[in-house]
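Notebook open, viewer loaded. I'm jotting down what I look up as I go.

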Amino acid sequence: MSLNFSNDFAQTALPFNTFLTLSYVIILLQYYLRGRRIGFNEDIKATLQMLATYIVVFAGATLLVVFKLWTNDERMLIVYIIPFLISFFFQKRMSHDPINFPHMVERCQLITIITFGETVIAIIKNYPLLELPLEGILLFFAMATLFIFYISQTYLTIDHHRKADATVLLYAHLVIVLGLNFFTVAMELFSSHHNDLALPMLIVGNLIFYSGILSTSFYNQQVHQVGRRGLFIYALILLIGNVALLLDGHSNILLFVILNLLSHAMIAYHVIRFRKANHSLLGEDV
């Protein structure tokens with residue numbers, strides 16, 4: 001499905017909608033099989049009806065395109081809004097039991113780790129070790145520190161046993177993945193003829209990525225809560241690092257060195273906070 005998504009709606013709308021419909025069919029089948037196993041409670045029935053409505057909408061739009069009864073240009077985008085509207089009619093019938101928080105953290109981590117894998121592939125592809133060894137190594141270390149910062153926050157400091165609404169966690173991971181994708185695209189652009197766009201995307205990616213991670217500190221263990229002072233220091237490190245990137249803006253190697261200094265500084269302060277918190281029974285605001 002993702003291979004058939006682009007700005008060329010006239011060419012890709014039909015295959016994209018076809019695969020999107022099949023995706024919902026598979027999800028509906030999973031819920032149906034689960035209902036067969038544990039029984040069709042009200043929640044599963046409502047979900048099946050909602051998914052069936054999605055399928056009718058997307059399949060109908062696909063058929064209209066096939067028979068040339070409707071356009072497959074940008075106006076097709078209105079179809080993708082319909083599921084959000086349909087879901088409101090099923091809210092009262094759906095279960096509102098709290099989501100298993102540790103399970104949701106693991107799912108979010110899995111998606112993020114997969115995205116990091118795409119970043120690794122992009123670095124290897126665009127900076128071959130035999131041709132651009134220094135650039136490739138620097139970018140790999142920068143990416144590795146991003147990963148360490150992410151895991152240390154979502155694995156070491158988050159309270160995995162709490163019962164909490166996972167909404168902030170989910171939206172934060174949308175931001176994290178978006179920031180990481182910006183970082184990945186920037187890495188690819190630095191070695192291309194569009195390298196004038198690389199630095200802005202790198203800076204935006206940095207800000208989005210770290211902002212998303214720090215927003216998950218809401219779920220931290222009490223001793224690891226990030227106070228105003230902590231947020232200020234993180235923001236100061238990001239400000240200094242990104243300004244340094246802007247001031248350089250010419251040499252890729254120097255940019256990648258500054259990027260490493262920035263990411264390592266974020267890790268260093270995180271480690272300092274972590275150690276102080278572990279030695280503090282009072283959970284000082286560090």
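Which residues does Thr-119 touch, not counting residues up to four places away in sequence? I get Met-143, Leu-180, Phe-183 and Thr-184, with contact meaning heavy atoms within 4.5 Å. Thr-119 sits in helix 4. Thr-119 counts as buried because its relative accessibility is 0%; buried means under 20% relative accessible area, exposed over 50%, and partly exposed in between, with a 1.4 Å probe and protein chains only.

**Ground rules.** This is a predicted model, where local features need pLDDT of at least 70 and side-chain atom pairs count only at pLDDT 80 or more, while totals for chains, interfaces and linings use all residues. Residues are numbered from 1 along each chain as its sequence is written, and side-chain values use heavy atoms, with hydrogens and water left out.

**Confidence.** I checked pLDDT, the predictor's confidence in each residue from 0 to 100. The chain mean is 84, and 89% of the residues reach 70 or more. Helix 3 (residues 82-88) has the lowest confidence, at a mean of 76, and helix 7 (residues 198-215) the highest, at 92. Residues 282-286 fall below 50, and this stretch has eight contacts in the model beyond near neighbours in sequence. Where pLDDT is low, the predicted coordinates should not be read in detail.

**Fold.** I count nine helices and zero strands; these are DSSP runs numbered from the N terminus, with H or I over at least four residues for helices and E over at least two for strands. Of the 286 residues, 40% are buried. Among contacts with a separation of 6 or more, 73% join residues 24 or more positions apart.

I looked up the UniProt entry, which is unreviewed; its "transmembrane region" annotation covers several spans, including 168-191 and 253-272. UniProt positions are given in the numbering used here, feature names are shortened, and annotations may be inferred rather than shown by experiment. In the model, residues 168-191 are 96% helix and 0% strand, with end C-alpha atoms 36 Å apart. Residues 253-272 come out at 100% helix and 0% strand, with the end C-alpha atoms 28 Å apart.

**Cores.** A nonpolar core here is a set of buried Ala, Val, Leu, Ile, Met, Phe, Trp, Tyr and Cys residues joined through side-chain atoms within 4.5 Å. The largest has 38 residues, and Phe-149, Met-187, Phe-190, Leu-202, Phe-209 and Met-266 touch the most other members. Helices 4, 5, 6, 7, 8 and 9 each supply at least two residues of this core. I followed up Met-187: not counting residues up to four places away in sequence, Met-187 touches Tyr-127, Leu-139, Leu-202 and Leu-259. There is also a second, separate core of 14 residues, with Leu-20, Ala-46, Met-50 and Ile-86 among them.

**His-270.** I found His-270 in helix 9 (residues 252-278). His-270 counts as buried because its relative accessibility is 7%. What does its side chain make a polar contact with? The side chain of Tyr-234, at 3.1 Å; a polar contact is a pair of N or O atoms within 3.5 Å, where, within protein, one must be able to donate a hydrogen and the other to accept it, and residues adjacent in sequence count only if both atoms are side-chain atoms. Leaving aside neighbours within four places in sequence, His-270 is also in contact with residues including Phe-149, Ser-152 and Gln-153.

**Asp-43.** Last stop was helix 2 (residues 42-66), where Asp-43 lies. Asp-43 counts as partly exposed because its relative accessibility is 26%.
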